[in-house]
Every structure is written in structure tokens, then in C-alpha cells.
Amino acid sequence: MNEQIKIDFEKTFKTSGLSETDVNLKKKFLDKFILNGFPNKKLENWKFSDINQIIHKNIGELSFFSDYSSSNKIDTSVFIDELEHNKIVFINGRVEKIDFSYEDAEKIKLNETSETESEIKNFNSLVDLNNAFSSRIYKISIKKDYHLKKPLVIYHTTNNKIKSKSINIRLKFELDQNSSLRLIDYNNHQSEKNFINIFYDFELKKNSILKNYKIDNDHNKNIGYSFNNINQDENSVSENFILSSGSSFFKNEINCNLNGSYSSAFVNGIITLMNDQHHEIRTSINHLVENTKSYQLIKSVLGKDSKAVYQGKIFVNSEAQKTDGYQLSKAILLDESSEFNAKPELEIYADDVKCSHGSASGSLDENSIFYLMSRGLNYKQSKELLINGFIVDVIDKITDSEVKNLVKNMIGLKE
Amino acid sequence: MKEEFKMDTREKDIEKLKDYKYGFSTDIENIKAPKGLNEDVIKFISDIKKEPEWMLEFRLNAFKRFKELKEPNWQKPKYPKIDYQDLYYYSAPKSMKDKPKSLDELDPKLLETYKKLGIPLQEQARLNGIAVDAVFDSVSVATTFKEELTKQGIIFCSMSEAIQKHGDLVKKYLGTVIPTTDHFFATLNSAVFTDGSFVYIPEGVRCPMELSTYFRINASETGQFERTLIIADKGSYVSYLEGCTAPMRDENQLHAANVELIALDDAEIKYSTVQNWYPGDENGKGGIYNFVTKRGLCKGKNSKISWTQVETGSAITWKYPSCILKGDNSIGEFYSIAITNNHQKADTGTKMIHLGKNTKSKIISKGISAGFSDMTYRGLVDINSKAKNSSNYTQCDSLLMGNKCGAHTVPYIKNKNFDSNIAHEATTSKISEEQLHYCQQRGLSSEEAVGLIVNGFCKEVLQQLPMEFAVEAQKLVGISLEGSVG
């Protein structure tokens, strides 16, 4: 792999037009990635999902070459037509369209940035891989006091021209004081057997609000990884919602630093799987100052041969008194062959805190099914009703009514 | 005003620790194996204990494996590197060379030590209905109540005696739960263990009294490697108590015991521990390293193993008493109170491995940390795909006192069976001002109030202890936390 990856790297950036310092920085990340390789189950964070093995089994040999020079045709049929929105369209990892036509152009700044090494923290080797191969970095800044009129949808699409590719997407967001952004990540894949690696960096200034909805709902045979790194200032709010059910494998990671007092973070997730799918949500919420709050709710419904993992961590620094942290994960196992693994973790160094977590997994309640069937529903209907009731809890946590309806429609839940 | 009060109680706390209640040592000359760990030392241990050939083989096998193993380092409490070649692996009180026939023949100094500890060795034993197998350093000193137990066919003796007299039983079961191929410390123990307790309860017998062993660590620089094996044959019941205190020492002492429990069909084993070893001084200097491997196997149908532990001592506690629920309908339970103060560190919890159908497990863990201490609950609930209709309930609560200490919860939950139910809850909080205020208003001092509230917090676990232990444990909970509030 090592020789090939170097050749792919040279080939990718030969004609990219990036400055030499940028390419050299990227090379450093490449070397770091080559040193560590894909994470495997020996690493605590990858204990339940050995991505090295998963890639090997599902894709085999990966090609790292990314063609950033030739453009792809946009398939407009994948666009969400239920709600008006701004768009950024990625096709095979290349930005094909950026459209903020609903917004005040002066209030949104979009620029390509270069980074210095010190800006990028050491997360894991997948982030290194992303830094090495993602093309120019777009930074989207929302100006002070501006609230986007329409949500921004980022389309992560691939077409059937590519196979066994590693695709790396990287964006930075900065929300200035009192601003707000609704961001929908929408996965739609025509391709199969690719590895899609997304890395977002969020900077939330005082009183800003970020709502990020990650939707992976259409069945596909790709392997996905998404990492959100969120830094929050005073009184800012981040709401993360994850609908995880489409890809063969998907791991969503959220690392959230609550740096300002009265800031809060919410993570809500639904995992519904069947047929050999394997998804994971891993969160790490770091309460670093006084009076911060976090809330996490993850629910999974697992069909035949599927496997879901939830690893959630609440860290409370010794200065972070009056922290309120909550974490709940629930899973319904529908089949003998389904599996649910959880590691809800608390690491607490302050005494005046309210932190708790709960985790439960089991089968559908036979008594409830009996109750519904005695009211005239058949077995299948009763089962569906119970499952829908189980996950609608999480959808109701979505604070934006437009998006809430969109998600409900997507998974076939009526109003 | 409040600040002043804090200082006051902190000082009191330090004063108390200075005269650690059990901090004395007895002057007895020791026989020691040469320092260091090699095959000769293992042969020396085996030789001096007049062990049969198979036992030496067991040890050497373990040692061979030990040489290939690396010391684990994933645990939260880190400790300075231990030089395993710088330890004595065998030491015995000199007067033990010829085994005494009765209590009167014992070294009077030893008897005095036990008296200070309050072990009811003679008349007290009978009054309290406890049979005591007192262990001084590594060799059993006296076993009382033998007659009454022998009448029922119960074997309760030291491990060395068992190896000689009940070789078949030991050979059949030793190493079946903790094999010689286990982790670093367990394997070390398999290679060099010196003594311990052996219990065999025959079919259908309900052990008429609580069996109890007190451990003492005495000789300086001696790692103590105990090995306990308890076998409950079909339909039998036994309750076993283990309690520990140790003299004050400056150097860190390693303690890596192995405890194996085996419950056959319909049998029940209840294992209770009160651990109050020297925790080091107020600056975190000294204290015992308590790296113990405890594992129970519910081998037969409808068997039950229940662990109860009160951990207040040791500089570092690193142990996970576990249950392997192999038999159908078997039950595993784990009740734990862990208290850390000053610079103590604990990483403790349990593993419940469900293999049989309809197996049930319950975990109640209460952690209290104060001062500069650090406490971690780490547990595993693993439900195998064959463990149909099994269930687990876990509750771990932590109480923090002050913002210099830490409390962590790291549960691993694996469910591979759709018939099974797992529920896990954990909370972290502090003693509320309102509760303290309420108690103080009714005339309790702040320390009494804390003691009362903490005892209430731990009640679910304390209830599980046998009467004799519950009283001691309740006192310990109070003593361990005195002065930590303010």
C-alpha cells in the first residue's frame, strides 16, 4: 500500500495548483498516515469497529488518487425538492457547485484557506489521511448577527465512475457572534465500494447556533467516516442529529469542546440497520468550564446480521462545576444475529456536577405486541408501530420543524 | 468561616491517618527465598512446601508463559515500574518450620498480633461462630473449627495442605478458571504462589458457618501471592469472608492474589471482602498495590456466585471480580463499595460473561472519592449469542467530595442476543448542601452527617455483607472519609 499511496499522492497534487508549502504540509500528514495506517481494533476507540479489516474485507485495495482537475456532471435529481435551500455539491470528493442564492452575499464569506501545521490537532490517522488528500480547504464564515434564511445542504454524492477510491472532504465553518446556521449533510451514492472520509471543523463564537443534521439513509455499499470537531464559545449551542442507516459501514464521530460558560451541546442519533451493516456513533463531549450542558440520545434498531456501536464519553474538567451531562442509548435487537455494543463513559474531575448515563438493549416487548394485536393489528403492523414509536422520540428532539418533517418523510413516518 | 472549617477538618484527617489503626508490625525472623524470580526460586518454593511433581510442573508452565507476557498498562492508575527481580518471592515466619499441633504451640508474638487485629482465634471464634484460617505472611498458621467442619465432610485448609492431602481435587480444579495462560499478574501468581485457602463443600452440604481468613502482609519487600480455591459441589452452599489489614510501610508492596470459585449444579458461593490495607500516607507515599485476579465459574445449572467487596485501603486497587455464567439459569452478582481518599487510586469493577441460557447478573457499584484520589468503575457485560433469555442490570453511582478528585465510569456492554435484556445506569453527584444542612440542623456534626449520608448511599451493598462484616464495614466507611468534607 505504502508505495502506491505515495504515487497516488504525487499524481493528485501534480496539477492541483496548490502552493508548495501546502503540498509540503500535506506530505507531513501523508507520512503520519503511512506510519500509523488505518486504525484497527487494538486502538481503544476502534475496539468495536476495526476499520482496517472492514476496508480490507469490503473494498480490498484502495486507490488514493483523486482527480480534482476534471469536473463531473451534476445530477439534479438527487436534490431535495421539499424545502428551499442553499447548496454545496460534492461529486466524487470534488466541489462542483456552491450556491448561496437565498442569502445576503455580504454576510457569508467563502474562501479557500491554507493552514499551518499547528492549527490541526492530532485526532487519528483517518484525519491525517483526510488532511493529506483533501483538495483546497473551503472556509465558510457567517458574519456577526446573520441568520441564514434557508438551510445549507451539503450533498455528498458519488457517481458510478469510481470504485475502490478513497474520497476525502474537508470544510471549515466559523459562526460569528449571534449568527446561526442550519446545515444538512446529505449522502447520496450511485457508486459502491468506496471509502468516504469527511472532516468538519466548527468554530462557534458567542451566542451562535449550529444545527447539523447528518443524513445517510439510502442504501449503498460504501464505507463512510465523518468527524465533527466543534469548539464552542460562551452561550453557543450546537445541535447534532445523525440518521445512520444507508451505508455498509459508517462511523460518525463528534468531538465537542465546551470552552465557554453556558454553552450547550446536543447529540441525537438514530441507527437503523439490516443485512450485514455495521454503524457506529462515537461522541466525546468535553466540559471545560462552569455551567455547561450536554445531552445525548441514541437509539438503534437492528435487523438481521447487523451491528451497531455507541461509544459516548462525557469529560468534566475540574473547573467545570455545575456541569449537566446526560447520555442515553437504547437498542432494539430484532434478530438472533444482530449485535449491539456500547461503551458509555464518564470521566469526571469536578464534584458539583449532575452527570448520568443509561444504556439498555433488548428485544421488542412481547406484551406490547400482544396488546396491539388484541386491538386488531397484525404482527407486522404492531411491530412497525412499536419501532416507529421508539425512534420518533429522537426525531422529536430536532428543533427545526422544516428539517423534522423532512426527516420524518425520509424514513416514512407520517406527521 | 467556611475556609477555616475546611482546614480544621483536613488537619484532623491527617492526624487520624498518622496513627493508622492497624499500623504495627511484629518482629519475627523470616526465612526468605533469594531475591529475584527464576526457575530456581520456583523450585525452591515448591521444594520447601514439599509439593508433588505436577504442582512444580504447573508452576514452571506458568513461569514459561510469564516470561513471554508484557505488563499491562491500559489501566487508569499508573504506578512506578516494579522490578520483579528485586522482590522476595517466599518468606515464612521462622517458627513455622515445624507446624504447631494446637493454638498453644503458636508463637506468642503472632497470637498477640492477631489479638490486636481482633481476630477471634480462640474463645472468640466459637462465640462468633466463625472458623478462622489465619494467614501470617504466606503460610497458614492455624486452622480452627476443623472438627466441626470435618464432621460434615467440608474441607477447609491451607492451600499447601490441600495440595498434599487432597491432591486429586486440587489437580482437577486448580487453574480451570484462571489458567496458567491468563494475564500478566495472574500468571505470575500461578508461578510463585505460596499459600492460601482451599475450600471444598461436598454435595448437598450447607456450610454451617461463615468461613473466614484474615490476611496479613508483614515482611518488608515481600510480594504476597495468595491462591484461593473454593469448590462448591452440587447443591451446596458456602459463604466465605476475606478481610485484610496491613502494617504501615514506606515501600510499595505488590499483592497479586488469585481467587478461583467453582460452583457446580445448584450450588451457591458467596464471597465477601473487606479490604483495608495500608493506603500510603497523606502525600501518597507508600501503600499496597492490590492487583488481584478474582474469577468465579458458575459451571453447573442453577448455580450462583455472589461477590461483595468493600475496598477502602491500598494505594492502588486494580481488580475485577468476575463471573462466567456457563451453566443454564446461573446467576452472578457483584456488590461493591470502593472508597478512595488522599492519593489513593482505584480501578475496579466486574465482568459478567453470559454463556448459558436464562442467566442473570446484577451489578451494584458505589464509588466514593475524596481528597486527591481517583476512582474508576470499569466493567464488562458480555451476552453471548447462545445465552438466550438472559438479563443484566447494572447500576454504578459515584460520589465526589471536592474538585481535586476524579470519578470515572467505563462500562463495556456487548449484546449478541436479541432475547436478552441489558440495562445500565450510572450517576455522579456530590452530597447536597441541603442533606448536610438537614442533618446538622438535627444536631449531627458535619462528619457524622457525612458518615450517615454515605452509609445510606452504600446501604444496598452493605446489606449484602454477612452480619459480622457489616458492622466492621460500616465503621470503615465512616473512618475512611472522616475530614474529607468542608
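1. In helix α11(B) of this predicted model, the buried residues are Ala449(B), Val450(B), Gly451(B), Ile453(B), Val454(B), Cys458(B), Val461(B) and Leu462(B). An α-helix has 3.6 residues a turn, so residues three or four places apart point the same way. The helix covers residues 446-462 of chain B and has a kink of about 40 degrees.

2. Two packed helices are described by the angle between their axes and the distance between the axes.

3. From α3(B) come Phe58(B), Arg59(B), Ala62(B), Phe63(B), Arg65(B) and Phe66(B). They meet Thr187(B), Leu188(B), Ser190(B) and Ala191(B) of α9(B). Sorted by class, the contact of α3(B) with α9(B) consists of 6 nonpolar, 2 polar and 2 charged residues.

4. Between the chains, the contact draws 32 residues from chain A and 30 residues from chain B. On the chain A side, the elements that give two or more residues are β18 (339-348) and β19 (354-362). Of the elements on that side, β18(A) gives the most, with 10 residues. The chain A side as a whole divides into 12 nonpolar, 11 polar and 9 charged residues.

5. Strand pairing also runs across the two chains. β19(A) pairs with β25(B), residues 421-430, in the antiparallel sense over 7 bridges. Within β25(B), Glu425(B) is the residue that stands opposite Gly358(A).

6. Leaving aside neighbours within four places in sequence, Lys214(A) is in contact with Asp185(A), Ser226(A), Phe241(A), Ile242(A), Leu243(A) and Asn252(A).

7. For the placing of another lysine, Lys32(A) is 182 residues from Lys214(A) in sequence. In space, the two are 29 Å apart, taken C-alpha to C-alpha.

Note on methods. Residues are numbered from 1 along each chain as its sequence is written. Chains are lettered from A and ligands numbered from 1 in the order in which they are written. This is a predicted model: local features need pLDDT of at least 70, side-chain atom pairs count only at pLDDT 80 or more; totals for chains, interfaces and linings use all residues. Two residues are in contact if their C-beta atoms, placed from the backbone, lie within 7 Å. Helices (H or I, at least four residues) and strands (E, at least two) are DSSP runs, numbered from the N terminus. Ala, Val, Leu, Ile, Met, Phe, Trp, Tyr, Cys and Pro count as nonpolar, Asp, Glu, Lys and Arg as charged, and the others, Gly among them, as polar. Two strands pair if DSSP finds at least two bridges between them. The bend at a residue is the angle between axes fitted to the seven residues ending there and the seven starting there. A residue is buried if 20 or more other C-beta atoms lie within 10 Å of its own, exposed if 12 or fewer, and partly exposed in between; C-beta atoms are placed from the backbone.
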